[in-house]
Amino acid sequence: MHTTTIRSRTRLRLAGALAALLVAAGVATGPAAQADERHGKEPTLADLAQRHGRYFGSATDNPELVDEPYKALLGSEFDQITPGNGMKWYATEPQQGVFDFSKGDEIVDLARAHHQKVRGHTLVWHSQLPGWLTSREWTPAELRAVLKKHIQTEVRHYRGKVFAWDVVNEAFNEDGTYRETIFYKTLGPGYIADALRWARQADPRVKLYLNDYNIEVIGPKSDAYHRLAKELKAQGVPLDGIGLQAHLALQYGYPTTLEDNLRRFSRLGLDTSLTEVDIRMYLPATEEKLAQQADWYRDLTEACLAVRRCVGITLWDYTDKYSWIPAFFPGEGAALPWDEELRPKSAYFAIRDALR
Ligand code: G3I
């Protein structure tokens, strides 16, 4: 990177850090912030993101919705919500042909009450499938019918209520080969194009995404998405965007090619979004690790803002209180911008800096 860029970045960061201190001290900065201040409130992450034509969201899950202080922040700070589990296959079609949208509906209703948009997550995934689907063999014709019915019933149910769907989730392995899921093994790679077409038939307007983790950097796995997306576009298959989950970990290094990667998907005519952001670390969380985490949150926010078609950012829940990390990665955690007591961490102020 050029020295001038580094210097101006450093200046920007210092200015940002100063703004964060002022914000923390309750002193607003900038004309819009002054306007907000006249109305007696600080702009939220959503307000700040909207000034760039982006959204700033959080995942949530039904059991958490009894926690009033949690719910209050969820309803005020964000303009987009993703159900963490409530729209997955095991929740929505627990018995074959018997649909239950109560969990997803609860989250959609909450989002509507706060004028928040909803990302649908997810229609086709190898994980959290109902037992009736995984416990027997299916012929290709049978599974196609089951898949089509599931996708179309769910997409129709949420038509006009979600703005985007993660149609297929986590379809590739790390080396860029197809993941050998029940869908791939039974139907071949064409299940992805079929899923997108079926979703489009059920809702002509919703944005259709493929979504995965470890595709923030340019490498074999994101190359596989780039190749597939190009093919799908060439064949006229309805694909609108690529979701980069962005489950990052301090020990693996920052994905420095993120911005270039977002840009190359834009060049295919696709939207991108950071769909499940968290940045975990080995515990205990030290000041140093939290500062590094804050830098990464700032950097990934700046990367999205730098690419016009990166439409928004979603945290995979906003507080360490409800993070999936400690249960899945023992000894790791502290991954989100709010701590377990719902207090904002340095990461929160770093995101604000980036959005200002
Ligand atoms: O519903 C049962 C409950 O009845 C039981 O008492 C409890 C005991 O463990 O488990 C509950 O199920 C849990 C479920 O979340 C609902 O809370 C599962 O054990 C747990 O494994 C499951 O974890 C979810 C995970 O996906 C499954 O892979 C996380 O909450 C969810 O945040 C996570 O989200 C995924 C995205 O969908 C895709 N990308 C990766 C991301 C993180 O894994």
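A salt bridge is a side-chain nitrogen of Lys or Arg within 4 Å of a carboxyl oxygen of Asp or Glu. The exercises below concern a predicted model.

**Exercise 1.** Decide whether the side chains of Arg-119 and Asp-166 form a salt bridge, and state where the two residues lie.

*Solution.* Step 1: the N to O distance between Arg-119 and Asp-166 is 2.7 Å, and the pair counts as a salt bridge. Step 2: Arg-119 belongs to strand β3 (residues 117–124) and Asp-166 to strand β4 (residues 164–169), so the pair links distant parts of the chain, 47 residues apart. Step 3: buried means under 20% relative accessible area. Arg-119, at 0%, therefore counts as buried, and Asp-166, at 1%, is buried too.

**Exercise 2.** Locate the salt bridge between Asp-194 and Arg-197 within its helix, and classify both residues by accessibility.

*Solution.* Step 1: the closest N and O atoms are 3.7 Å apart. Step 2: Asp-194 and Arg-197 are both in helix α10 (residues 191–202), three residues apart, about one turn. Step 3: an α-helix has 3.6 residues a turn, so residues three or four places apart point the same way. Step 4: Asp-194 has a relative accessible area of 18% and is buried; Arg-197, at 36%, is partly exposed.

**Exercise 3.** Determine which contact Asp-61 makes, given that Asp-61 is buried yet has no salt bridge.

*Solution.* Step 1: Asp-61 lies in the loop between β1 (55–60) and α4 (68–77). Step 2: the nearest side chain of opposite charge is Lys-88, 7.4 Å away. Step 3: the side chain of Asp-61 has a polar contact of 2.7 Å with that of Asn-85.

**Exercise 4.** Describe the surroundings of the ligand.

*Solution.* Step 1: 16 residues surround the ligand, with Asn-85, Lys-88, His-121, Glu-276 and Trp-316 the closest. Step 2: the shell divides into five nonpolar, seven polar and four charged residues. Step 3: an oxygen atom of the ligand is 2.6 Å from a side-chain N or O atom of Lys-88, and a ligand nitrogen atom lies 2.9 Å from a polar side-chain atom of Glu-170. Step 4: alone, the ligand exposes 790 Å², of which the protein buries 52%.

Key
Residues are numbered from 1 along each chain as its sequence is written. This is a predicted model: local features need pLDDT of at least 70, side-chain atom pairs count only at pLDDT 80 or more; totals for chains, interfaces and linings use all residues. Side-chain values use heavy atoms; hydrogens and water are left out. A residue is near a molecule or strand if one of its heavy atoms lies within 4 Å of it. A polar contact is a pair of N or O atoms within 3.5 Å; within protein, one must be able to donate a hydrogen and the other to accept it, and residues adjacent in sequence count only if both atoms are side-chain atoms. Accessible areas come from the Shrake-Rupley method with a 1.4 Å probe; for residues, only the protein chains shown count as cover. Ala, Val, Leu, Ile, Met, Phe, Trp, Tyr, Cys and Pro count as nonpolar, Asp, Glu, Lys and Arg as charged, and the others, Gly among them, as polar. Helices (H or I, at least four residues) and strands (E, at least two) are DSSP runs, numbered from the N terminus. Buried means under 20% relative accessible area, exposed over 50%, partly exposed in between (1.4 Å probe, protein chains only). Lys and Arg count as positive and Asp and Glu as negative; His and the chain ends are not counted.
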